[in-house]
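Trainee: I would like to learn how to read a model like this one. Can we go through it feature by feature?

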Amino acid sequence: GILSMFACQAGAKHVYAIDCSSILEQAKEIVKLNGFSKQITLIQSKVEDIDKLMLAIGENDDDKEEVKYVDIIISEWMGYFLLYESMLDTVLYARDRWLHPTKGILLPDKARMYICGMEDAHMKRERLDFWQDVYGFDMAPLRKVAIQEPVVDVVEANRIVTDSVLILELDIATCTRKDLTFDSKFSLVVQRNDFIHAFCVYFECAFSAGPLQHPVGFSTAPFCPYTHWKQTLLYIQDLSSSDDSLTVCTQEKIEGRIACAPNSNNRRDLDIQLEILKVQGRYCNVSNHKMSYRLR
């Protein structure tokens, strides 16, 4: 509801607000309360189930005409790890179905994902290693399950040990569902002598399309102000070191590969494959070490 009212404030002639949840009932009251009933049409449905967009052209309920195109699509589709819950699929469907082919604008219109290495010994012990001694009982099999689940949490900037590199870039105006499944190699450069316990993934979005006077954007990086998306942590699994960490020194390189695809049984979940292709350093030598995760 609030994005729709912002759009009206910005000068939108008419807004179609679509949501399949029951919150739309309260949204209708809010829209009416704020005087936007004639400017906003609220539709409770999945976008994919809508046959036509209709616009009232008279006082009677039957006086309507079909709207073939819309000029702008605004959606807060971003999930954890950018792609979690596959909400971008719906935006792409709406784009292909209704957005004007020559002057249509999508907001946000650009998205990028980055990866970096991080030290996290303290939290790793709290989250994972305690399974090895739970009130005196060894529950290590549960640790093997837990470490395959990415952790969404706030990462302090001083935990980052490497530079950050791009692993995915999306132009929302032209990308397809196939582009949301990606496989990317990366090379990280270590910034200080330290240990790496996990890889940290974050994203940024840009609002740069159309005649915007001041293009804007935001980042979910550890170095930027907090967002509810936080960061996504992929803890290193099954290394020969006692704490599953990489011991690294300044300017050493970590060659890796990360792949992501919707889960075959539930597209809202993500299957993530991470591989340390090569680390050849003073204290650490690792090659072709594969790890699997599922974000759900």
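Trainee: What are the ground rules here?

Mentor: This is a predicted model, so local features need pLDDT of at least 70 and side-chain atom pairs count only at pLDDT 80 or more, while totals for chains, interfaces and linings use all residues. Residues are numbered from 1 along each chain as its sequence is written, and side-chain values use heavy atoms, with hydrogens and water left out.

Trainee: How many helices and strands does the chain have?

Mentor: Start with the definition: helices (H or I, at least four residues) and strands (E, at least two) are DSSP runs, numbered from the N terminus. Here there are five helices and 18 strands. The C-alpha atoms fill a box of roughly 75 × 45 × 35 Å along the principal axes.

Trainee: What share of the residues is buried?

Mentor: Buried means under 20% relative accessible area, exposed over 50%, partly exposed in between (1.4 Å probe, protein chains only). Of the 296 residues, 44% are buried.

Trainee: And which share of contacts spans at least 24 residues?

Mentor: A contact means heavy atoms within 4.5 Å. Take the contacts between residues at least 6 apart in sequence: 71% of them join residues at least 24 apart.

Trainee: How many charged side chains are there?

Mentor: Lys and Arg count as positive, Asp and Glu as negative; His and the chain ends are not counted. Each charge is placed at NZ of Lys, CZ of Arg, CG of Asp or CD of Glu. The chain has 33 positive and 42 negative side chains. The centres of the two sets lie 3 Å apart.

Trainee: Now a sheet. In what order do the four strands of the open sheet run?

Mentor: Strands of a sheet pair through backbone hydrogen bonds, either parallel or antiparallel. Two strands count as paired if DSSP finds at least two bridges between them. In this open sheet the order is β10-β16-β17-β18, with antiparallel pairing. β10 (182-189) and β18 (285-295) are the edge strands, each pairing on one side only.

Trainee: How many bridges hold each pair?

Mentor: Go across the sheet. β10 and β16 (253-262) share eight bridges, and L188 has I254 as its partner in β16. β16 and β17 are joined by nine, with G256 opposite I276 in β17. β17 (270-280) and β18 are joined by ten, and V279 faces V286 in β18 as its opposite residue.

Trainee: Which residues have a positive phi without being glycine?

Mentor: Two cases to look at. Y135 has a phi of about 55° and sits in the loop between α4 (121-127) and α5 (140-146). N288 has a phi of about 50°, but its place is in strand β18.

Trainee: Why do Y135 and N288 count as exposed?

Mentor: Apply the cut-off to each. Y135 counts as exposed because its relative accessibility is 82%. N288 counts as exposed because its value is 53%.

Trainee: Where is G104, and what does it touch?

Mentor: G104 is in the loop between α3 (87-98) and β6 (105-107). Leaving aside neighbours within four places in sequence, G104 contacts D71 and L99. At 27% relative accessibility, G104 is partly exposed.

Trainee: Which peptide bond is cis, the one from L107 to what?

Mentor: Read omega. The bond from L107 to P108 is cis, with omega near -5°. P108 lies in the loop between β6 and β7 (110-118).
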